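Hi everyone, thanks for making time for this one. Let me put the structure up, and then I'll walk you through it.

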Amino acid sequence: SAPNYQFLIDAFTSEQEDQSTPINLRIGSFIIRHADISYDIKSEKTHPNAIDVNHIHLNDCGMNIALRSFTKDSLNISVRRLQASELNSGLSLHDTHFKLLVNSQQAHLTDFSISLPHSHIATDSLIVDFQHSEKDSTFTLHSTPIAGTITPNDLASIEKKLQSFSTPIHFSFSIKGDEKTITIPDFNVLSGNNITLNANANISHPTNEKLREID
(Lines give C-alpha, C1' and ligand atoms only; values in the text may rest on other atoms or scores of the structure.)
Protein backbone atom coordinates (compact mmCIF):
# COMPACT_ATOMS: atom_id res chain seq x y z
CA SER A 1 0.00 0.00 0.00
CA ALA A 2 1.02 3.62 -0.37
CA PRO A 3 3.17 4.95 2.49
CA ASN A 4 1.63 7.43 4.93
CA TYR A 5 4.00 10.12 3.62
CA GLN A 6 2.70 9.79 0.04
CA PHE A 7 1.16 13.28 0.26
CA LEU A 8 4.67 14.72 0.61
CA ILE A 9 5.87 12.88 -2.49
CA ASP A 10 2.83 14.12 -4.42
CA ALA A 11 3.38 17.71 -3.24
CA PHE A 12 6.92 17.82 -4.61
CA THR A 13 6.29 15.85 -7.79
CA SER A 14 6.42 17.94 -10.94
CA GLU A 15 3.49 17.61 -13.33
CA GLN A 16 5.84 18.22 -16.25
CA GLU A 17 7.76 15.41 -17.87
CA ASP A 18 11.17 14.92 -16.32
CA GLN A 19 14.09 15.95 -18.47
CA SER A 20 17.12 13.76 -17.92
CA THR A 21 20.18 15.59 -16.64
CA PRO A 22 23.74 14.26 -16.57
CA ILE A 23 24.80 12.66 -13.29
CA ASN A 24 27.87 14.31 -11.82
CA LEU A 25 28.23 13.61 -8.11
CA ARG A 26 31.21 14.00 -5.80
CA ILE A 27 31.43 13.53 -2.02
CA GLY A 28 34.77 14.50 -0.51
CA SER A 29 34.26 12.48 2.65
CA PHE A 30 31.28 10.66 4.19
CA ILE A 31 31.88 9.48 7.76
CA ILE A 32 29.69 7.52 10.17
CA ARG A 33 30.82 6.40 13.61
CA HIS A 34 29.11 4.03 16.09
CA ALA A 35 25.72 4.14 14.36
CA ASP A 36 22.78 1.77 14.77
CA ILE A 37 20.72 1.27 11.61
CA SER A 38 17.50 -0.77 11.42
CA TYR A 39 15.27 -1.70 8.49
CA ASP A 40 12.15 -3.85 8.90
CA ILE A 41 9.30 -4.94 6.70
CA LYS A 42 7.01 -5.87 9.57
CA SER A 43 4.62 -7.87 7.41
CA GLU A 44 7.41 -10.36 6.58
CA LYS A 45 8.39 -13.24 8.85
CA THR A 46 11.72 -13.11 10.64
CA HIS A 47 14.45 -15.73 10.19
CA PRO A 48 16.71 -15.69 13.28
CA ASN A 49 20.42 -16.45 12.90
CA ALA A 50 20.33 -15.90 9.13
CA ILE A 51 20.77 -13.00 6.73
CA ASP A 52 17.33 -11.57 6.07
CA VAL A 53 17.01 -8.61 3.66
CA ASN A 54 13.57 -7.85 5.13
CA HIS A 55 14.94 -7.38 8.64
CA ILE A 56 18.33 -5.72 9.00
CA HIS A 57 19.71 -4.45 12.30
CA LEU A 58 23.22 -3.01 12.04
CA ASN A 59 25.04 -2.27 15.29
CA ASP A 60 28.17 -0.17 15.78
CA CYS A 61 28.17 0.67 12.09
CA GLY A 62 31.09 2.77 10.91
CA MET A 63 32.26 3.92 7.52
CA ASN A 64 34.59 6.40 5.90
CA ILE A 65 33.92 6.77 2.18
CA ALA A 66 35.19 9.19 -0.45
CA LEU A 67 33.16 9.31 -3.67
CA ARG A 68 35.64 11.01 -5.96
CA SER A 69 33.47 10.78 -9.07
CA PHE A 70 30.09 9.35 -10.06
CA THR A 71 28.86 10.04 -13.59
CA LYS A 72 26.74 8.22 -16.16
CA ASP A 73 29.65 6.05 -17.31
CA SER A 74 32.21 6.15 -14.50
CA LEU A 75 32.64 5.52 -10.79
CA ASN A 76 35.62 6.31 -8.59
CA ILE A 77 35.11 5.40 -4.94
CA SER A 78 37.47 4.87 -2.03
CA VAL A 79 36.15 2.97 0.99
CA ARG A 80 38.70 3.72 3.69
CA ARG A 81 36.85 1.90 6.47
CA LEU A 82 33.69 -0.19 6.70
CA GLN A 83 32.52 -2.13 9.74
CA ALA A 84 29.24 -3.31 11.26
CA SER A 85 27.60 -6.16 13.18
CA GLU A 86 24.27 -7.52 11.94
CA LEU A 87 22.35 -8.49 15.09
CA ASN A 88 19.75 -10.82 13.53
CA SER A 89 22.27 -13.06 11.77
CA GLY A 90 25.38 -12.57 13.91
CA LEU A 91 27.45 -11.62 10.86
CA SER A 92 30.21 -9.21 11.84
CA LEU A 93 32.25 -7.19 9.35
CA HIS A 94 35.50 -5.70 10.56
CA ASP A 95 38.13 -3.33 9.14
CA THR A 96 37.22 -3.50 5.43
CA HIS A 97 38.58 -1.18 2.76
CA PHE A 98 39.07 -0.95 -1.02
CA LYS A 99 39.32 1.40 -3.98
CA LEU A 100 37.18 0.91 -7.09
CA LEU A 101 37.53 2.69 -10.43
CA VAL A 102 35.01 1.82 -13.17
CA ASN A 103 34.51 3.37 -16.60
CA SER A 104 33.16 2.24 -19.96
CA GLN A 105 36.25 0.13 -20.69
CA GLN A 106 37.67 -1.07 -17.39
CA ALA A 107 36.95 -1.96 -13.77
CA HIS A 108 39.94 -1.76 -11.42
CA LEU A 109 39.75 -2.93 -7.80
CA THR A 110 42.79 -2.12 -5.65
CA ASP A 111 43.88 -2.30 -2.02
CA PHE A 112 41.04 -4.74 -1.23
CA SER A 113 40.79 -6.15 2.26
CA ILE A 114 37.80 -7.66 4.09
CA SER A 115 37.82 -9.05 7.62
CA LEU A 116 35.37 -11.11 9.67
CA PRO A 117 36.03 -12.14 13.30
CA HIS A 118 38.31 -15.06 12.31
CA SER A 119 38.64 -14.59 8.54
CA HIS A 120 40.50 -12.25 6.23
CA ILE A 121 40.79 -11.91 2.43
CA ALA A 122 43.02 -9.42 0.60
CA THR A 123 44.45 -8.61 -2.81
CA ASP A 124 46.41 -5.71 -4.25
CA SER A 125 44.73 -5.53 -7.63
CA LEU A 126 42.00 -7.05 -9.81
CA ILE A 127 41.52 -5.61 -13.31
CA VAL A 128 38.74 -6.36 -15.80
CA ASP A 129 38.90 -4.82 -19.29
CA PHE A 130 35.74 -5.07 -21.38
CA GLN A 131 34.34 -4.10 -24.76
CA HIS A 132 30.74 -4.03 -25.93
CA SER A 133 29.41 -4.16 -29.46
CA GLU A 134 26.09 -4.89 -31.11
CA LYS A 135 27.19 -8.47 -31.84
CA ASP A 136 28.93 -9.51 -28.62
CA SER A 137 30.74 -8.50 -25.48
CA THR A 138 34.30 -9.44 -24.57
CA PHE A 139 36.43 -9.06 -21.46
CA THR A 140 39.83 -9.91 -20.05
CA LEU A 141 40.75 -10.10 -16.40
CA HIS A 142 43.79 -10.69 -14.24
CA SER A 143 44.67 -10.31 -10.59
CA THR A 144 47.58 -10.18 -8.23
CA PRO A 145 47.58 -13.05 -5.68
CA ILE A 146 44.36 -13.27 -3.67
CA ALA A 147 45.18 -14.68 -0.24
CA GLY A 148 43.78 -15.03 3.23
CA THR A 149 42.17 -17.22 5.85
CA ILE A 150 38.55 -18.34 6.07
CA THR A 151 37.06 -19.84 9.23
CA PRO A 152 33.81 -21.47 8.02
CA ASN A 153 31.67 -20.68 11.08
CA ASP A 154 32.15 -16.97 10.37
CA LEU A 155 29.73 -17.60 7.49
CA ALA A 156 27.13 -19.57 9.47
CA SER A 157 24.64 -16.73 8.94
CA ILE A 158 24.71 -17.59 5.22
CA GLU A 159 24.80 -21.39 5.61
CA LYS A 160 23.84 -22.86 9.00
CA LYS A 161 25.72 -26.10 8.32
CA LEU A 162 29.01 -24.20 8.68
CA GLN A 163 28.36 -23.46 12.36
CA SER A 164 30.26 -26.54 13.57
CA PHE A 165 33.39 -25.89 11.44
CA SER A 166 35.90 -23.76 13.34
CA THR A 167 39.14 -24.92 11.71
CA PRO A 168 40.75 -22.06 9.73
CA ILE A 169 41.51 -22.63 6.05
CA HIS A 170 44.44 -20.72 4.55
CA PHE A 171 44.43 -20.15 0.79
CA SER A 172 46.03 -18.24 -2.05
CA PHE A 173 45.38 -18.07 -5.78
CA SER A 174 45.47 -15.74 -8.75
CA ILE A 175 43.07 -15.52 -11.65
CA LYS A 176 43.28 -14.55 -15.32
CA GLY A 177 41.33 -15.11 -18.49
CA ASP A 178 38.64 -13.85 -20.82
CA GLU A 179 35.11 -14.65 -21.96
CA LYS A 180 36.33 -17.97 -23.44
CA THR A 181 38.39 -19.37 -20.56
CA ILE A 182 39.21 -18.29 -17.02
CA THR A 183 42.30 -19.89 -15.50
CA ILE A 184 43.32 -20.27 -11.87
CA PRO A 185 46.90 -21.50 -12.32
CA ASP A 186 48.01 -21.80 -8.70
CA PHE A 187 45.25 -22.61 -6.22
CA ASN A 188 46.79 -23.48 -2.85
CA VAL A 189 44.91 -24.49 0.30
CA LEU A 190 46.20 -25.40 3.76
CA SER A 191 43.79 -26.32 6.55
CA GLY A 192 44.48 -26.13 10.27
CA ASN A 193 44.80 -29.93 10.46
CA ASN A 194 47.67 -29.87 7.91
CA ILE A 195 45.67 -30.96 4.86
CA THR A 196 47.28 -29.38 1.80
CA LEU A 197 45.82 -28.92 -1.68
CA ASN A 198 47.65 -27.63 -4.74
CA ALA A 199 45.59 -27.43 -7.92
CA ASN A 200 44.97 -25.71 -11.23
CA ALA A 201 41.51 -24.91 -12.56
CA ASN A 202 40.00 -23.83 -15.89
CA ILE A 203 36.50 -22.54 -16.49
CA SER A 204 35.39 -22.70 -20.12
CA HIS A 205 32.67 -20.32 -21.38
CA PRO A 206 32.24 -18.72 -17.91
CA THR A 207 29.37 -16.45 -18.96
CA ASN A 208 27.39 -19.16 -20.77
CA GLU A 209 25.52 -21.38 -18.31
CA LYS A 210 24.73 -24.04 -20.94
CA LEU A 211 28.30 -24.40 -22.24
CA ARG A 212 30.19 -23.75 -18.96
CA GLU A 213 32.69 -26.45 -17.98
CA ILE A 214 35.09 -26.63 -15.04
CA ASP A 215 38.20 -28.81 -14.94
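Predicted model: local features only at pLDDT ≥ 70, side-chain atom pairs only at ≥ 80, totals over all residues.

I'll go through the packing inside, then a few contacts, then the surface.

Let's start with the inside. As a general reminder, nonpolar side chains in soluble globular proteins tend to be buried together. Here, the largest nonpolar core has eleven residues. The members are Ala 107, Phe 130, Phe 139, Leu 141, Ile 146, Phe 171, Phe 173, Ile 175, Ile 182, Ile 184 and Val 189.

Now the aromatics. Phe 171, Phe 173 and Phe 187 come together as one aromatic cluster. The count of aromatic pairs comes to three. Phe 171 and Phe 173, you'll remember, also belong to the largest nonpolar core.

Let me pick out some individual contacts, leaving aside neighbours within four places in sequence. Ala 107, a member of the largest core, is in contact with Leu 101, Val 102, Leu 126, Ile 127, Val 128 and Phe 130.

What does Ile 175 contact beyond its neighbours in sequence? The list is Leu 126, Leu 141, His 142, Ser 143, Ile 146, Ile 182, Thr 183 and Ile 184. Ile 175 and Ala 201 sit 26 residues apart in sequence, with 9.6 Å between their C-alpha atoms.

Moving on to strand β10, have a look at Gly 177. Gly 177 touches Phe 139, Thr 140, Leu 141 and Ile 182, again not counting residues up to four places away. From Gly 177 to His 142 is 35 residues along the chain, and their C-alpha atoms are separated by 6.6 Å.

Next comes Ser 191, in strand β11. Is Ser 191 buried or exposed? Its relative accessibility is 13%, so Ser 191 counts as buried. Beyond four places in sequence, Ser 191 touches Pro 168 and Ile 169. The C-alpha atoms of Ser 191 and Thr 149 are separated by 9.3 Å, and these two are 42 residues apart along the chain.

Let's head out to the surface. Tyr 5, Phe 7, Leu 8, Ile 9 and Phe 12 form a nonpolar patch there, and together they have about 590 Å² of accessible area. Phe 12 is in the loop between α1, which is 6-11, and β1. At 72% relative accessibility, Phe 12 counts as exposed.

Last stop, the backbone. Most residues other than glycine have a negative phi. His 34 has a phi of about 50° although it is not a glycine, and its place is in strand β1, residues 24-40. Asn 49, also not a glycine, has a positive phi of about 65° and is found in the loop between β1 and β2, with β2 at 55-71. As for accessibility, His 34 counts as exposed because its value is 65%, and Asn 49 counts as exposed at 52%.

That's my tour, so over to you for questions.

Technical notes:
Residues numbered from 1 in each chain as written. Heavy atoms only, no water. Phe/Tyr/Trp six-rings, centres within 6.5 Å; stacked < 30°, edge-to-face > 60°. Core = buried A, V, L, I, M, F, W, Y, C linked by side-chain atoms within 4.5 Å. Buried < 20%, exposed > 50% of the residue type's maximum accessible area, 1.4 Å probe, protein only. Contact = heavy atoms within 4.5 Å. Helix = DSSP H or I, 4+ residues; strand = E, 2+ residues; numbered from the N terminus. Patch = residues over 30% accessible without salt bridge, like charges linked within 9 Å, V, L, I, M, F, W, Y side chains within 5 Å. Areas by Shrake-Rupley, 256 points an atom, 1.4 Å probe, with all protein chains shown as cover. Salt bridge = Lys/Arg side-chain N within 4 Å of Asp/Glu carboxyl O.
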